[in-house]
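Here is a short note for someone opening this structure for the first time. Please read it with the sequence and the 3D view side by side.

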Amino acid sequence: MTDDNAPVRFDTKIAVLLRDDLETWQRLNVTAFLVSGLGTQVPEVIGEPYADADDTPYLPMFRQPVLVFAGSKEILTGAHAKAVSRGVTLSVFTSDLFAIGHDEANRAAVRAVRRDGMDLVGLAVHGPRNAVDKILKGASMHP
């Protein structure tokens, strides 16, 4: 007999790493932006649409948890380098993006800075559990 409510252990992990000196509103905003593109690039992370008992339809969500971590600027920079070298699915948010109001300008701001010169405030990764764990080494679960 199987328990349909038993926790599932996924082979992959979705994780967000935020710089630990961000304001609360920034942490929430950065997290939302970072994970927003994941389903378009890795569609298997998206579950089925929801509906309530009245058949009101709702959008699908990730089929697995999103873990949120915090770390210093140095931990974030190191995690970014590891993520790039491992070739995992990755999104970034730089401090410049707080002052920009639309997608095209956001992309241009990231494009204008070399990888090792970005002032990262957050990143999101998706990949094999063990790879993501190694990328996030030194970070702590977000409080």
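A residue is called buried under 20% relative accessible area, exposed over 50%, and partly exposed in between, with a 1.4 Å probe and protein chains only. The model is predicted: local features need pLDDT of at least 70, side-chain atom pairs count only at pLDDT 80 or more, and totals for chains, interfaces and linings use all residues. Residues are numbered from 1 along each chain as its sequence is written, and side-chain values use heavy atoms, with hydrogens and water left out.

1. **Overall build.** The protein chain has five helices and seven strands. Helices (H or I, at least four residues) and strands (E, at least two) are DSSP runs, numbered from the N terminus. Their order along the sequence is β-α-α-β-β-β-α-β-α-β-α-β. Along the principal axes, the C-alpha atoms fill a box of roughly 55 × 35 × 30 Å.

2. **Burial and contacts.** The protein chain has 143 residues, and 32% of them are buried. Contact means heavy atoms within 4.5 Å. Take the contacts between residues at least 6 apart in sequence: 74% of these join residues at least 24 apart.

3. **Surface.** The accessible surface comes to about 9,200 Å². Carbon and sulfur atoms account for 54% of that surface. The areas come from the Shrake-Rupley method with a 1.4 Å probe; for residues, only the protein chains shown count as cover.

4. **F10.** Look in the segment before β1 (12–19) to find F10. Is F10 buried or exposed? F10 is buried, at 16% relative accessible area. Leaving aside neighbours within four places in sequence, F10 touches R63, Q64, P65 and R129. L59 is another matter: F10 and L59 are 49 residues apart in sequence and 22 Å apart in space, C-alpha to C-alpha.

5. Side chains of opposite charge can pair when their charged atoms come close. A salt bridge here is a side-chain nitrogen of Lys or Arg within 4 Å of a carboxyl oxygen of Asp or Glu. The count comes to five salt bridges. One of them joins K13 and D133, at 2.4 Å from N to O. K13 lies in strand β1 and D133 in helix α5 (residues 129–135), so the pair ties together parts that are 120 residues apart in sequence. K13 is buried, at 9% relative accessibility. D133 is partly exposed, at 38%.

6. Which residues pair with R19? D21 is one partner, with the closest N and O atoms 2.9 Å apart. D119 is another, and there the closest N and O atoms are 2.8 Å apart. D119 sits in the loop between α4 (103–111) and β6 (120–128), and R19 in strand β1, so this pair links parts 100 residues apart in sequence. D119 is partly exposed, with a relative accessible area of 26%. Shared partners join R19, D21, K73 and D119 into one network of salt bridges. R19 is buried, at 11% relative accessible area.

7. **A nonpolar patch.** Y50, Y58 and M61 make a nonpolar surface patch of about 330 Å². Patches take residues with over 30% relative accessible area and no salt bridge; like charges are joined within 9 Å, and nonpolar side chains (Val, Leu, Ile, Met, Phe, Trp, Tyr) within 5 Å. M61 is in the loop between β3 (57–58) and β4 (66–71). M61 counts as partly exposed, at 47% relative accessibility.
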